[in-house]
Amino acid sequence: MKMIFAIVQDKDSNRLSSEFVNANIRATKLASSGGFLRSGNTTFIIGLEDERVKDALRIIRETSHSREQFMTPPINLDSSLDGGETAFPVEVQVGGATVFVMPVEQFHQF
Amino acid sequence: MKMIFAIVQDKDSNRLSSEFVNANIRATKLASSGGFLRSGNTTFIIGLEDERVKDALRIIRETSHSREQFMTPPINLDSSLDGGETAFPVEVQVGGATVFVMPVEQFHQF
Amino acid sequence: MKMIFAIVQDKDSNRLSSEFVNANIRATKLASSGGFLRSGNTTFIIGLEDERVKDALRIIRETSHSREQFMTPPINLDSSLDGGETAFPVEVQVGGATVFVMPVEQFHQF
Ligand code: NI
Ligand code: NI
Ligand code: NI
């Protein structure tokens, strides 16, 4: 038995929940924040048998890994420049997961 | 020293808190959710000496174990059937606790 | 790799967050409560290399240790005593941290 702590960005947390349900992995979600300046994140606690750890890690990596995304920034309406401003899409980094696998000495379900 | 993670249903969490206080066991509560479709739950973190783990497990089991309960479902006022509807009590499963006991290498109180 | 769970009072949690950022230690905050009658507290989860555990513990102790503070209680306006009430500062205990260091078997960043 192991416990996995996975800290992911809020934007990935719903999809990750669904993937866990599909894989029949029970995950508990804790509202969390911080880690430098990163905004809201979600901490998943997952308890599972040793031989299923690999599956869970694969799901977390596939669903939440850090990746680049093109985003169009909002146009600045207060701009003092005359007309013609265009918002160009910029590449931003989203996602990312920090994962700890920890030993469990006893597991009970009451 | 061990750390116990206990995930229980919200409906059992107040009574469990009280039982821990009575037993002089310090528990920290984290708001949590999920684990399949189960609604709100509470995660307790409890740090305690090895020889007290048994007591804590007994308290969690007694207070939060899964059990059947009779519940009267609300009467459906929009029912198209003519009069005479009776809401019969149905048996539902409530409670239940998932518990992990984990090793602790250092414990400090500052 | 170790995981540190540190439970501190809400009033110390912002300063502790800043100290972790200064020390380049990534900490995730969980909203928590309880532990006897103590009001709101915050649980920090910190994953870090074995050789940095000491630094993190020193920061937690310095920022959040239990200490006495003089506090002026609010004057009771409904007092039935005639005038001249003075609110004398009283010494109260604030702060305090409960800290667990736990083993980590695998650490991943995706
Ligand atoms: Ni990808
Ligand atoms: Ni019973
Ligand atoms: Ni001091």
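## Chain copies and a helix pair

Only 19% of the interface residues of chain A are also interface residues in chain C, so the copies meet through different surfaces; contact means heavy atoms within 4.5 Å. This is a predicted model, in which local features need pLDDT of at least 70, side-chain atom pairs count only at pLDDT 80 or more, and totals for chains, interfaces and linings use all residues. Residues are numbered from 1 along each chain as its sequence is written.

The superpositions, by least squares on the C-alpha atoms of residues with pLDDT of at least 70 in both copies, are as follows.

| Chains | RMSD | Turn | Shift along the axis |
|---|---|---|---|
| A on C | 0.1 Å | 120° | 0.0 Å |
| B on A | 0.1 Å | 120° | 0.0 Å |

For chain B, 19% of the contact residues recur in chain A, and the copies use different surfaces. Chain A is laid on chain C by a turn of 120° and a shift of 0.0 Å along the axis. That is the relation of a three-fold axis.

Within chain C, helix α1 (residues 10-22) and helix α2 (residues 53-64) have axes that come within 10 Å and cross at roughly 145°. Helices are DSSP runs (H or I, at least four residues) numbered from the N terminus; axes are lines fitted to C-alpha atoms over the stretch in contact, with angles from 0 to 180 degrees between N-to-C directions. From α1(C), D12(C), R15(C), L16(C), E19(C) and F20(C) meet A56(C), I59(C), I60(C), E62(C), T63(C) and S64(C) of α2(C).

Conventions:
Chains lettered and ligands numbered in written order. Heavy atoms only, no water. Helix = DSSP H or I, 4+ residues; strand = E, 2+ residues; numbered from the N terminus.
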